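Work through the exercises below with the sequence and the structure at hand. Try each task before reading its solution.

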Amino acid sequence: MDDQIKQSFVALRRQYIDNCFTRLNDRQQEAVFYGNGPLLLLAGAGSGKTTVLVNRIANLIRFGDARYSDEVFGSPTAQDIAQLRRLIDQPDNQPDARMEGLLRVGGIAPYHILAITFTNKAAGELKSRLSAMLGQTGQDVFASTFHSACVRILRRSGEALGYPSGFTIYDSDDVQRIMKKIYKELSVDDKFMPLKQAINSISHYKDQMISPSEAAKLCGGDAKARLLVKLYTVYEELLKKTGGMDFDDLIYQTVRLFEQFPDILEQYRRKFQYILVDEYQDTSHAQFRLVELLGAGHRNICVVGDDDQSIYRFRGATIENILNFEHQFGEAKVIRLEQNYRSTANILNAANSVIEHNRGRKGKTLWTDSEKGTPVLHFVAENEQDEAKHVAASIAEHVAAGARLRDHAILYRMNALSAPVENYFVRAGLPYKVIGGHKFYDRKEIKDMLAYLHILSNPMDDLRLERIINEPGRKIGGATLETVAMLAADEGCSWLQIISRVQQYPVLSRASKSLLNFWQLYQKLQEVRRQIPLEELPEQVLELTGYRAMLKAEGEEGEARLENIGQLITAVKKYALERGEDASLEGYLEEVSLITDLDSYDENADLVVMMTLHAAKGLEYPYIYIVGMEEGVFPGQMSSFSAEDMEEERRLCYVGITRAQKELQLCSTESRMMYGQTRRNRPSRFLEEIAPECLNEEYSETAQEMHSLRNRWGDEDDYGTDRAFGCGNGPKRGMYQGKPEYTNNNKTGGDGYSSPYHGGGLRMAAGNSTMQNSVNKPEKTERPTESGEFSIRSAYERANRRSDGFDPSVSFGGVTPKKEPVKAAGEKKFEVGDTVHHKIFGTGTVVSVTPVAGDMLVEVEFAAATKKMMANYAPLTKD
DNA sequence: ATCGATAAGATCGAC
DNA sequence: TCTTATCGAT
């Protein structure tokens with residue numbers, strides 16, 4: 001009797017559980033319900049891996065093994081059965097606590113689950129999706145990045161290794177400063193061993209779990225290697241002394257902690273009974289070790305990743321982690337998620353055909369049910385301005401047809417490529433946001449303010465002290481600080497301790513007054529810190545340190561900086577409000593130091609987004625533009641020397657392509673100003689690799705005119721032999737075939753390797769420039785910004801004029817162009833009162849017109865807002 | 001004589 | 001932005 005009730009309950013329970021996950025496909029369900037033991041989810045781009053992750057965690061917590069179990073904990077009654085029936089019929093109703101208990105067989109408590117994500121933002125999203133499914137319970141899952149998780153472990157248990165619980169986290173900027181100092185001290189020549197190389201190598205040592213002494217054993221007799229070990233050793237000593245850890249340390253030291261203190265490891269093993277790792281293809285060896293150590297007992301390790309999307313080899317990620325997972329933890333179950341829900345068939349085919357050129361893959365072909373969609377477009381522009389113009393015009397078209405700005409993303413290989421696009425967008429009045437590049441927390445004033453806060457929290461932080469001790473000026477210069485540093489090294493104490501006892505040191509007599517003043521300021525700040533709540537602290541620091549006064553005196557730029565600090569103050573207030581009682585200065589600083597620019601991305605704002613291909617990982621947009629699809633840019637010239645690097649570039653391309661949902665445009669230019677030189681690059685080989693049936697080609701009007709122009713002028717050119725490569729009417733399929741290696745024509749000859757393009761290029765110029773396989777339809781787009789008809793001459797001038805005055809040799813910090821445009825006047829005229837039409841903002845009225853260096857700044861009142869834009873660059877037409 | 005401030009010059013990889 | 005040269009102040 002009882003048995004029968006139990007059986008029908010189990011059957012109903014199975015039905016109920018299945019109902020909770022019906023929206024998943026078969027593979028996804030298999031992944032959700034697969035039981036204990038190592039599990040590898042090979043999840044292609046857009047295959048719904050986050051959904052699987054969330055559902056798998058939810059299933060673990062809510063039902064445990066119940067899906068495949070005949071057991072019931074507790075004794076279900078006929079009433080329970082009736083209730084479960086009702087719940088199945090009415091999925092909106094929530095079971096009560098008793099029913100939840102009956103539904104669960106050996107579930108895992110949320111706080112026993114560790115979910116590692118790639119960014120803090122992803123961790124937050126995971127939690128909020130879990131909360132949506134599970135309520136409060138979802139919040140108790142330990143979801144974080146490797147780094148955040150390690151910080152928590154080290155703060156709690158790191159003292160065993162000799163680190164204070166209040167250790168400082170050094171960002172890459174700090175690391176560079178430290179290394180610079182070491183270079184000076186050991187008088188190392190940057191030319192012999194570039195600073196970046198040393199920092200990179202040290203980072204690699206840590207990724208590989210190699211300590212300075214082990215490195216010494218490994219390095220052999222090579223002078224460079226020995227120097228590197230020396231630098232590594234000194235660097236580590238310095239970090240330990242100042243109680244600081246760099247990003248790599250967070251992982252490295254945690255692994256060391258676990259290896260050296262088995263009891264501590266055991267404690268965390270008990271805590272994390274179930275481990276999930278997202279983006280596993282981008283984990284380092286040290287991170288693998290961490291997972292291995294934590295998971296060794298229960299082996300409940302589920303990793304999710306896509307070997308084709310491994311794009312962080314350069315910073316220590318080893319693709320081997322995912323390639324070898326099957327065997328590293330014993331026999332692992334492998335489930336492939338290959339159905340793509342994101343992109344059209346054309347986009348997906350393009351992605352597949354590119355990635356197929358890689359060897360060393362797990363092998364996986366994405367497929368989709370969705371329609372073919374628009375073919376991928378390869379757009380050839382004359383130069384980077386032309387390219388920017390095309391992207392802007394294309395976005396404007398979409399917007400005019402009803403798309404939103406935020407449906408568009410522009411991706412590029414290097415941050416430097418954003419500048420011309422930004423420049424154009426600013427002038428066109430197109431709202432955009434750059435992710436990465438110049439980060440908020442990289443600004444000097446923000447770093448300074450944070451440095452003040454840091455030294456309050458960690459008085460041993462000499463590095464941050466050095467940053468602000470003379471900011472604003474306090475008559476404490478380099479020489480004085482060197483003396484202080486020397487004394488501190490002698491006594492093995494911190495700089496601040498020396499400063500607190502200035503009068504004891506005759507060598508400091510000259511600077512004693514200034515130092516004493518600073519010491520008093522420091523004490524005052526500490527006192528204030530004790531007395532006031534956290535949210536008021538930054539304001540006080542700003543005031544008492546004289547930082548505000550300094551910025552006030554600077555005028556306009558200072559005002560802008562003060563505004564930034566205002567944002568910082570707001571952020572602190574927000575933090576204090578969120579955390580309430582738990583808020584602490586240390587906690588805030590930690591949160592800040594682990595922020596990456598991806599974390600601060602707000603997708604609600606209606607803006608075009610620009611970012612590097614790396615930053616785009618994990619994101620998706622209806623419309624994607626990848627600019628700079630050229631040999632030497634993407635793939636970059638650095639990658640042409642090793643097959644591994646080239647494969648990584650190709651994966652990066654794959655990542656880029658698979659970000660697109662509806663439409664993808666790949667743009668290349670015939671000539672591009674880079675590193676202060678105009679270069680002619682061939683279109684990227686990745687374009688050649690895309691299956692022709694899903695790719696269209698289009699030339700900008702200028703690029704077209706330039707072709708006929710060059711053909712007419714024959715050999716005359718400014719570009720030396722390189723000219724030939726830009727001359728054909730398009731890239732020819734198969735051109736690369738049979739060429740084992742590619743070098744880039746970054747200089748015109750003479751640097752050792754002759755360009756393999758030479759022959760092909762000349763052949764192209766001389767022979768017929770066919771357009772097999774390419775669909776060329778230049779007449780498709782009409783850009784209203786172009787006025788009048790083209791003469792060949794004017795096309796030439798137009799193309800060669802750096803029309804926006806942008807000079808890439810000047811670093812380009814913000815959105816404000818540094819140079820004025822060069823004689824672009826007279827092309828378009830607007831007067832106050834004119835009714836004008838803008839591609840994005842619609843119809844508006846000109847409010848003011850101001851001549852600016854050859855162009856006109858027009859202020860236009862649209863229905864939504866009043867915008868200022870440059871007459872010659874904005875997609876504005878007079879009605 | 002020494003130190004600090006100021007002004008002018010090179011810089012350029014993805015996190 | 002960080003480094004380098006020169007000037008002015010102590």
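Predicted model: local features only at pLDDT ≥ 70, side-chain atom pairs only at ≥ 80, totals over all residues.

**Exercise 1: The chain as a whole**

Task: State how many helices and strands chain A has, and what share of its residues is buried.

Solution. Step one: the secondary structure of chain A consists of 33 helices and 22 strands. Step two: of the 879 residues in chain A, 55% are buried. Step three: look at contacts between residues at least 6 apart in sequence; 75% of these join residues at least 24 apart. Step four: the accessible surface of chain A is about 38,400 Å², and carbon and sulfur atoms account for 49% of that surface.

**Exercise 2: Helix 3 and helix 6**

Task: Decide how helix 3 is oriented to helix 6, given the angle of about 50 degrees at which they pack.

Solution. Step one: locate helix 3 at residues 49-62 and helix 6 at residues 120-134, with axes 10 Å apart. Step two: angles under 35 degrees count as roughly parallel and those from 65 to 115 as roughly perpendicular. Helix 3 is therefore oblique to helix 6. Step three: the crossing of helix 3 past helix 6 is right-handed. Step four: list the contact, where helix 3 contributes residues including Leu53, Ile57 and Ile61, and helix 6 contributes residues including Leu126, Leu130 and Met133. By class, the contact of helix 3 with helix 6 has nine nonpolar, three polar and two charged residues.

**Exercise 3: Helix 8 and helix 15**

Task: Repeat the analysis for helix 8 (residues 146-157) and helix 15 (residues 285-295).

Solution. Step one: the axes of helix 8 and helix 15 come within 12 Å and cross at roughly 60 degrees. This angle makes helix 8 oblique to helix 15. Step two: helix 8 passes helix 15 in a left-handed crossing. Step three: on helix 8 the contact uses Phe146, His147 and Cys150, which meet Gln287, Leu290 and Val291 of helix 15. Four residues of the contact of helix 8 with helix 15 are nonpolar, two are polar and none is charged.

**Exercise 4: Positive phi on either side of a helix**

Task: Is Glu279 buried or exposed?

Solution. Step one: Glu279 sits in the loop between strand 6 (274-277) and helix 15. Its phi is positive, about 50 degrees, although Glu279 is not a glycine. Step two: the relative accessible area of Glu279 is 10%, and buried means under 20%. Glu279 is therefore buried. Step three: compare Arg299, in the loop between helix 15 and strand 7 (301-305). Arg299 has a positive phi of about 55 degrees and is not a glycine. With a relative accessible area of 28%, Arg299 is partly exposed.

**Exercise 5: A lysine in a loop**

Task: Which residues is Lys362 in contact with, leaving aside neighbours within four places in sequence?

Solution. Step one: Lys362 is in the loop between helix 17 (345-355) and strand 9 (376-381). Step two: a relative accessible area of 16% makes Lys362 buried. Step three: with those neighbours left aside, the contacts of Lys362 are Leu40, Leu42, Asp307, Ile322, Leu323, Glu326 and Arg336.

Conventions. Residues numbered from 1 in each chain as written. Chains lettered and ligands numbered in written order. Heavy atoms only, no water. Helix = DSSP H or I, 4+ residues; strand = E, 2+ residues; numbered from the N terminus. Buried < 20%, exposed > 50% of the residue type's maximum accessible area, 1.4 Å probe, protein only. Contact = heavy atoms within 4.5 Å. Areas by Shrake-Rupley, 256 points an atom, 1.4 Å probe, with all protein chains shown as cover. Axes fitted to C-alpha atoms, helices over the stretch in contact; angles between N-to-C directions. Parallel < 35°, antiparallel > 145°, perpendicular 65-115°, else oblique. Left-handed = near helix turned anticlockwise from the far one by under 90°. Nonpolar A, V, L, I, M, F, W, Y, C, P; charged D, E, K, R; others polar.
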